[in-house]
Amino acid sequence: PYTTISAGLAALPASLSGHSCVVIRDNATYGEQVTVQNFTMNGSSISIFVDPAVGGRPVVDPPAASTAGFMIVNASVNITGLDVIVDQNIAYGIYASSAYVNLTSIGVSTFGISAINMLGVRISSWSTISYSTVGANAGGIWLDGSTMSVVSYSTAVSGSAALYLTDADSNTLTHSYFYSVSAAGVDLDASSNFNTISGSTMVAAGAGYSALYITAADSNTVTGSYMWNLAGYGASLTGGANRNTISQSTMVAGNITYSGLRLNSSKLNLVTDSYIQNLGNDGVVFETASNDNVLSQSTVIVNGAGDLGLYLQGSDTNTVTGCYIQNLTGDGAYVDSTANDNLISGSVMVSGGASYAALQLNGADRTTVADSTMRNTAGYGAYILTTANSNTIIRSTVTSFATTANRYGLYIL
């Protein structure tokens, strides 16, 4: 028997001949940083876990001079059934710089306003976090240059981004909950490509932040997930976030400044079979050279005078198909100046505003609207300004039920 986890590790041979374990046989609090390093694995691994007969969870409480509760420098390490509670100003709850680290049923939390000043958990490649809970004053979980790692059935709640990927490719994030108080719920940063998020909830509470934020990251997939921020964006793809797919998901925003879904300087993205709602501003915005994107088979709901269900601005050759877009007190769809060569097909655009339109083309050229319905119960069906040139509406129904004078189904100024 040993009185510390570190002492149990030190008793293992430096060169392992087989799978080795440190079994904790109580639910005591261990005031130490547990460091796993300098082992030669020989194809084996080390596991640290609590004896199931204990019926409780031991706690690692790292002292002030620590870097983390667990500092894992060796590959092939498994930790199961422990809590890390940090009450000192240290960088990490758990920091694993090596690959093949598996964290199962782990709790990371803080006690005090200054505890954990960087990340709750930081992992590398070919690693897993499952059935775990991470709470931190700063960031939650960081996949740093990670490849083929998995976060599943876990919760991260943090002051900064709850889940942060940077230069991280081909990771899987599934059936998890990510909540940030003052940053993005999930942040896929530069060169984080080919990652998959499924069956997960992403929430941000900070003004101007996004529940899901993707910047300069390509070919990621988000499916069956929920994104919510009533003070910022539901989902925001910006700065060259290209070839990403969001499907079968819900995006909700509620601020007077931000949109449910925003694409900014991002191309070739697909949003399909999804529901987008904004309780206070625009529903879907494609802006600033967001070209060649597709919004399909989706529902967009807003309800604000002066707000826009769909807003295309400075973005070309986008396709909106098979969608239902509704704003009962403002414009349904609005294609603005320098947004050219866009296609709207097989869609329904609805407005109920007396001074608004189900579809408005303002300075937009070569827009094609095909096989669609534009309906306004109080104002214009479609409103086309003289600065909008060479546009086509074909095989479509344009209707106004307005009782106010000078409101038309189709109005070309």
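This is a predicted model: local features need pLDDT of at least 70, side-chain atom pairs count only at pLDDT 80 or more; totals for chains, interfaces and linings use all residues.
1. Setting aside neighbours within four places in sequence, Asn318 is in contact with Phe286, Ser290, Asn291, Asp292, Asn293, Asp341, Asn342 and Leu343.

2. Is Asn318 buried or exposed? With a relative accessibility of 1%, Asn318 counts as buried, because the cut-off for that class is under 20%. As for its place in the chain, Asn318 sits in the loop between β36 (308-313) and β37 (319-321).

3. His175 is not a glycine, yet its phi is positive, at about 50°. You will find His175 in the loop that links β19 (172-174) and β20 (177-180). Its relative accessibility is 43%, so His175 counts as partly exposed.

4. The other angle belongs to Thr338, again not a glycine, with a positive phi of about 65°. Look for Thr338 in the loop between β39 (331-335) and β40 (343-345). Thr338 is partly exposed, its relative accessible area being 48%.

5. Finally, a word on the surface. Which residues form a nonpolar patch there? They are Tyr100, Trp126 and Met148, and together they have about 320 Å² of accessible area. Met148 belongs to the loop between β15 (139-144) and β16 (150-152). At 38% relative accessibility, Met148 is classed as partly exposed, and it can join a patch because the cut-off for patch residues is over 30%.

Note on methods. Residues are numbered from 1 along each chain as its sequence is written. Side-chain values use heavy atoms; hydrogens and water are left out. Patches are made of residues with over 30% relative accessible area and no salt bridge: like charges are joined within 9 Å, nonpolar side chains (Val, Leu, Ile, Met, Phe, Trp, Tyr) within 5 Å. Accessible areas come from the Shrake-Rupley method with a 1.4 Å probe; for residues, only the protein chains shown count as cover. A salt bridge is a side-chain nitrogen of Lys or Arg within 4 Å of a carboxyl oxygen of Asp or Glu. Helices (H or I, at least four residues) and strands (E, at least two) are DSSP runs, numbered from the N terminus. Buried means under 20% relative accessible area, exposed over 50%, partly exposed in between (1.4 Å probe, protein chains only). Contact means heavy atoms within 4.5 Å.
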